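Hello,

Here is the structure we talked about handing over. Please have a look, then read my notes below.

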Amino acid sequence: MSKRVSLVHGHPAARSRASRLARTHSYSVFYAMVLPAFAVLFAFSYIPLFGIIVAFKDYNYRDGIWGSPWSGMKNFQFLFRSGKLGLLINNTLLYNIIFIIMGMVFAVLLAILVSEVRSKWFKKIAQSATFLPNFMSWVIISTIFYNMVHPRLGVINTLMKALGEAPVDVYTKTGIWYWLLPVLRIWKTAGFGSIIYFAAIMGIDQECYESAKLDGANVFQEIWHITLPMLKPTIVIVTLLNLGGILRGDFDMFYQIIGNNGLLFKSTDIIDTYVFRTLMRTNDIGMSSAAGFFQSLFCFVFILIVNLLVKRIEPDYALF
Amino acid sequence: MTTQIAPRRKRKKMHKDRLLLNIIAYSFVALFAMFCLAPFLIMISGSLSAQSAIIVHGYTLWPRDFSTRAYDVLFAAPDVMLGAFSVSVIVTASGTVLSLLLCSMAAYALGRKNFGHRNKVAFVFYFTTLFNGGLVPYYIVMVNHYQMKNNPLALVLPGLVSVWNLLLLRNFMKNNIPDSLIESAKIDGAGEFTVYVRIAMPLMVPALMAIGFFTAITYWNDWFTPMLFIDQEQLVPLQYKLYKMLNTMNALAQIAARSKDFNMPKLDLPGETIKLAMAVVAAAPIMFLYSFIQKYFVKGVTIGAVKG
């Protein structure tokens, strides 16, 4: 490296430019190694990213995204006037906030309690069991779920009957989903979500606990004053990453569990399911692309602002 | 040695507070583990029960009136299920191998300190997670510009690069492969690519196992991509097949119920148990793979993630 730079004589500016060129040249092997992955990303993420202008167009199949005539804000006016957007934003935000908070609380709680378990085989079996739902597809889960809540045959209603309660048909009730979906979500993700907190706890210096013990702290004080503060960076980063998708719903979950059950849309329709339905069922490119554009832009601006705030308060925690 | 003996002595005279925490920890973790497992037990036991028992007693944790009728019906025409199964296997295997190659190679370059532009390039990757075009432009570009309708490549190519996995691999490589090792190999005359293949790859194995498993799971579980792009029956992978069969099941049951009008032989499908049997077939490969890979999770994932 240094030899190559010293070969260039003359004006300092020219020299630095030459050295930059030389450096860039020496990076070419790295660029070559990144290129295949970048090519995939370019084709399937960046090109569609430019296609986002379709939200401002009067799309027709013949002219494609680039050739179709501009329509200004017409798609957005239709979307706002349809009155759908408020409900969609409301549901998407509400569920995501519940998911983020509950997910974090349960994952941290589970990680702390699992780290307290001393028996190795117990820990291993428990972790295997709690990770498993995370790897099952929502198709499989919806099959099981349907059989669990089945009004006549389901396990839950069998239990209800045993307790002398009337069976519930959840597919006709809207309010109950604000409880059911978070429970499902915790069931599926909390176990595996705890792995990152678990590893962070494993990384805490044991001497902290020893000296706390000497000062007469009990285990609950240790958790409150040592474990939780030590988990703070991980909690902040995971939460920030989740906030980046604050208006992006879990399409897989909502579509598999609720499907196209219009009865429940009031409490379960989110932007992602709306975009999908409008695109595939009614083929309304204008409305669906406008909703999608709104979602992308909102998420982007939101995470930029949050990240900026975090940078102000605690620069170490900022994502970028 | 002394440090190993110390905790054992402490356990003998456990304080009240630690005992209480232990009771809470063991019972909570055990309950949550059972809560996570129970639905799968119900799925398996339901698929092995007689339909009639389920209709009378509902679903139970243990099979009632053991019967393999659901599996018999499911595999009565084996080529249907096996076809979907093999599409899934081919897509998953090729996608996972290619993805690991692309991601680990890029991760290696992005983790090398000598690559002066590494952070800028990493941001180009990261940016796609912050802002994306959404479903509509993606769908139009895929169908109209790339001709991906009913193209098996549509199932493999878009999922090849997961930015999270790539950055996780990069962190793993930064934290676990000492610079001195790479530099000494380079002094011996090895190029970057040789170092990547000969030194970095073997050292990345725990991370590659874990990430490879996640990638495989993502491919195996994907029902959405085929729903968007695949109409041809012989190209439909297992999960989407399962989804489609579940959706048509109710319709089928209705048709079967009315079939006495026509002179059709009574079908008598064990509808409920077949659904569960299908779910078992779709879940079994994951459970099988999971039992082997699981030991790499904590090692492979967290080392890359925590020190971010």
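Chain B has 16 helices and 0 strands. Keep in mind that this is a predicted model. Of the 308 residues in chain B, 49% are buried. I also checked how far apart in sequence its contacts reach. Counting contacts in chain B between residues at least 6 apart in sequence, 74% join residues at least 24 apart.

Now the interface. On the chain B side, 100 residues are in contact with 96 residues of chain A. The two chains bury about 8900 Å² between them. Carbon and sulfur atoms account for 78% of that area. Within chain B, the residues that lose the most area to chain A are Leu21(B), Phe131(B) and Trp223(B). Together they make up 7% of what that side buries.

The rule finds 2 salt bridges across the interface of chain B and chain A. One of them pairs Arg18(B) with Glu222(A). Their closest N and O atoms are 3.6 Å apart.

Which helix gives the largest share of the chain B side that touches chain A? Helix α2 of chain B, residues 16–47, with 20 residues. By residue type, the chain B side that touches chain A divides into 75 nonpolar, 17 polar and 8 charged.

One residue of that helix is worth a look on screen. Asn22(B) is found in helix α2 of chain B. Is Asn22(B) buried or exposed? Its relative accessibility is 11%, and the cut-off for buried is under 20%, so Asn22(B) counts as buried. Setting aside neighbours within four places in sequence, Asn22(B) is in contact with Glu116(A) and Met14(B). One of these partners, Glu116(A), is in chain A, and the other, Met14(B), is in chain B.

Last, the cysteines. How many disulfides does a search of the whole structure find? The count over all chains is 0. Cys36(B) has a relative accessible area of 0%, so Cys36(B) is buried. Cys208(A) has a relative accessible area of 27%. That value lies between the 20% and 50% cut-offs, so Cys208(A) is partly exposed.

Best wishes

Note on methods: Residues are numbered from 1 along each chain as its sequence is written. Chains are lettered from A and ligands numbered from 1 in the order in which they are written. This is a predicted model: local features need pLDDT of at least 70, side-chain atom pairs count only at pLDDT 80 or more; totals for chains, interfaces and linings use all residues. Side-chain values use heavy atoms; hydrogens and water are left out. Contact means heavy atoms within 4.5 Å. Buried area is the accessible area (1.4 Å probe) that two parts lose on being put together, summed over both. A salt bridge is a side-chain nitrogen of Lys or Arg within 4 Å of a carboxyl oxygen of Asp or Glu. Helices (H or I, at least four residues) and strands (E, at least two) are DSSP runs, numbered from the N terminus. Ala, Val, Leu, Ile, Met, Phe, Trp, Tyr, Cys and Pro count as nonpolar, Asp, Glu, Lys and Arg as charged, and the others, Gly among them, as polar. A disulfide is a pair of cysteine sulfur atoms within 2.5 Å. Buried means under 20% relative accessible area, exposed over 50%, partly exposed in between (1.4 Å probe, protein chains only).
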